[in-house]
Amino acid sequence: MNILTFDVEEWYHFDIYSPEDKWLSYPPRINLYLPKVLDLLDEKGIRATFFCLGWIARTYPGVLKQIHERGHEIACHTDKHLFVNQMTPEFFSRDLKCALASIEDVIGEKVRSFRAPAFSINEQTKWAFEILAENGIETDCSIFPTTRSFGGFPSFGKAEPCRIDYRGVRIQELPIHTASILGKEMVYCGGGYFRLFPYWLIRYFLRNADYAMTYFHMRDFDHEQPRFDYLSLMRKFKSYYGLKHSYGKFLRLLNDFEWENVHTAVTKINWEKARIVNLNGK
Ligand SMILES: [Zn+2]
C-alpha cells in the first residue's frame, strides 16, 4: 500500500516561523505547480490526499476547489501552520475548529483526516488525539516515528497503520514510514528527505516496503521560489537542497509505483487486526 499525500501551504509556511502579517506581502506561488501536478495525477488516474491549511481555504478558496473537483481527498493541516507543541490544548482546539470550518465551507464536505505541521504530535502533545477525535477526525497522519528537529515520536514503534488508544479515544493512525539506513530509522519519501536521497535508493526502499506514506509540498518542486537569506545554513540546506531535480524524481516515483489516497487506504485496512498503540502510559 503506497499512499500519496501533499501538504497545501505556501512556500513561506515552513518550519521556521514567518510572521503572519507579512504573508500576503510575499508573492503567491501556491498555484504555480499545483495545476501541473493535478494534470499529472489525472493522467495517471491517481487520487491523492491534500492536507490543507484553513488559512489557504479562506485566502485562496479556488485552490481547494480545483483539488476537490478533480476527485482528491481534502484533509486538514491546522489553520495557520502552528506546531501542535507551540499550542495549548485550548488553543489547538480553537485552531482546529477554525481550520475545519474554513475548509468544509469551501468543499461542502466533512473533513476526516489530519496532519500536524512538522509532524508535531509527540509524547508531550498526545492530548491532541482527544481533540482530533472530538472534532470528527477519524485518521491522523501526524506521527513521525523517529527523531526529528521539530516533533518526532521515536518511542511510537513500527511505522505501520495502527490504532491509537488514548484516554478512551481510538483514532486510526497512518504514520510516515521509515527505512533502516546505517542502523538508524530514516524517512526517505517526503519533503527534504525525498530531495536529498538519490532516486535509485528511494526506489529500492519502496520496492521492499509493504506500507509507504509520503508527503510533498508544491515548494518541493519549485526551484525558483524566493529564498529567505536569514535562515541558518542547515535550514537553507533542508529547504532548498535538490529542488532542481525533485520534480523529475517525482515523475519517476509516480511511474514506478501505484498510489492511492488516505480515504481509499483506510477502507482497505483491516483495522480489527491492526496493532493498538496504547499511549496512556507513555
Ligand atoms: Zn506543513
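Arg-29 sits in the loop that runs between helix 1 (20–23) and helix 2 (30–44); helices (H or I, at least four residues) and strands (E, at least two) are DSSP runs, numbered from the N terminus. Leaving aside residues up to four places away in sequence, Arg-29 touches Glu-10, Trp-11, Asp-222, Glu-224, Gln-225 and Pro-226, contact meaning heavy atoms within 4.5 Å.

## The zinc site

The zinc ion is coordinated at 2.0 to 2.1 Å by Glu-9 (OE), His-77 (NE2) and His-81 (NE2), donors being N, O and S atoms within 2.8 Å of the metal (3.2 Å for Na, K and Ca), and since water is not among the atoms, sites may look incomplete. Glu-9, in the loop between strand 2 (5–8) and helix 1, and His-77, in the loop between strand 4 (73–76) and helix 5 (89–107), are 68 residues apart, and the pair links distant parts of the chain. Glu-9 counts as buried at 4% relative accessibility, and His-77 is buried with a relative accessible area of 1%.

## Basis of the values

Residues are numbered from 1 along each chain as its sequence is written, and side-chain values use heavy atoms, with hydrogens and water left out. As the model is predicted, local features need pLDDT of at least 70 and side-chain atom pairs count only at pLDDT 80 or more, while totals for chains, interfaces and linings use all residues.

Definitions and conventions
Buried means under 20% relative accessible area, exposed over 50%, partly exposed in between (1.4 Å probe, protein chains only).
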